[in-house]
Amino acid sequence: MAAKQYQENLPLVLLHRLPSLNLPHRNRLSPHFLLLDPADSQEPISSFLSIHANSVRALLCVGYTPITSETLSLLPSLELIVAGSAGVDHIDLQECHRRGINITNASVAFAEDAADHAVALLIDVLRRVSPADRFVRGGSWPVMGDYPLGSKLGGKRVGIVGFGSIGSEVAKRLVAFGCSIAYNSRRRKPSVPFTYYANVGDLAAHSDILILSCSLTEETHHMINEDVMTSLGKEGVIINIGRGSLIDEKELVKFLVQGKIGGAGLDVFENEPDVPKELFCLDNVVLSPHRAVFTPESMEALIDLTCANLKAFFSNEPLQSLVQIY
């Protein structure tokens, strides 16, 4: 099969994946590209890469498989990394920038489902849906009477941290609920009609809710710290569908346990799958296991986007989800 594909001059695409991660859409790619998968080889990965190094111009990264400077050094002809994830903090961005390697991500494919999940977490926290479910299932209703009231979503001031494809979809949904929107990002977006805050602390001071949908970088690591949470205030709510390390998790736990903020909806954590046990008994916290972006529909959209980016690259056409590396 490989020999036939070489004869047909199919473009080479290197798969980069951990052995535990499968490529579910391999059959969609194989008619168009020659897929080189070190995980299928008996050779050490360094030997495998050295054989194909000068031929590989495109790499498909499955999940959050790390791409280090050492890996990149084995691929002198590499021009494109197609990441099958929204975040790209597992890739050595500095080395890619130095070498002029383009990166695409999956935010466009995941945006709608991630936004739905963010809003679901927010409604759950505000209206106490999950703890009320436990209250009913546990038989407490006949014994303890009415459950405490939740809080209305409409009219809330929502600050969105990271206004890319996911953040913009979150805003679209919350405008429909009657929320007022402000945002923080690396720079002001002239086409966005919402108030911009260059500093996330200022955004928090003017928000009832913070929703985190930005990338994890050196600059955004622990950006939600003690000062930001203090600015958000005792009634404030934090929703995180970005990455766990955007928040100083120890400080967040402290603020929630001590009642210094109103609640949190968390899909991501600093040391997954380990979650601070202090959060388990808090009725103002809703937890999910890093599944905000994953639905059958988003997986199908990911397949389409991956194919489109690879076809565009080998046809010298514009990439559909290019990541700006700074």
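Colleague: What is the volume of the second largest cavity?
Modeller: This is a predicted model, in which local features need pLDDT of at least 70, side-chain atom pairs count only at pLDDT 80 or more, and totals for chains, interfaces and linings use all residues. Residues are numbered from 1 along each chain as its sequence is written, and side-chain values use heavy atoms, with hydrogens and water left out. A cavity is a set of points on a 1 Å grid over the protein atoms alone where a 1.4 Å probe fits but cannot get out, and a volume is the space filled by probe spheres set on the points, which are joined across faces, edges and corners. For the second largest cavity, the volume is about 30 Å³.

Colleague: Which element gives the most to the lining of the second largest cavity?
Modeller: The lining (residues with an atom within 4 Å of a point) consists of Val82, Ala83, Thr104, Asn105, Ala106, Leu302, Leu305, Thr306 and Asn309. Two elements give two or more residues to it, β4 (80–83) and α13; helices (H or I, at least four residues) and strands (E, at least two) are DSSP runs, numbered from the N terminus. With 4 residues, the most is given by α13.

Colleague: How much space lies in the largest cavity?
Modeller: There are 2 cavities of 30 Å³ or more in the structure. The largest cavity is lined by Asn240, Gly244, Ile247, Glu249, Leu252, Leu266 and Val268. The space within the largest cavity is about 40 Å³.

Colleague: At what angle do the axes of α6 and α9 cross?
Modeller: Residues of α6 that meet α9 (contact means heavy atoms within 4.5 Å) include Ala111, Ala115 and Leu122, and their partners in α9 include Ile166 and Val170. Helix α6 (residues 107–127) and helix α9 (residues 165–176) have axes, lines fitted to C-alpha atoms over the stretch in contact, that come within 8 Å. The two helices are therefore oblique to each other, with a crossing angle of roughly 45 degrees.

Colleague: How are α6 and α13 oriented to each other?
Modeller: Val108, Ala109, Phe110 and Asp113 in α6 meet α13 through Ser298, Met299, Ala301, Leu302 and Leu305. The axes of α6 and helix α13 (residues 296–314) come within 8 Å and cross at roughly 165 degrees, on a scale from 0 to 180 degrees between N-to-C directions. Angles under 35 degrees count as roughly parallel, over 145 as roughly antiparallel, 65 to 115 as roughly perpendicular and the rest as oblique. Helices α6 and α13 are therefore roughly antiparallel.

How values were computed:
1 Å grid on protein atoms, 1.4 Å probe; cavity = no way out; pocket = protein on both sides within 12 Å on 5 of 7 lines; lining within 4 Å.
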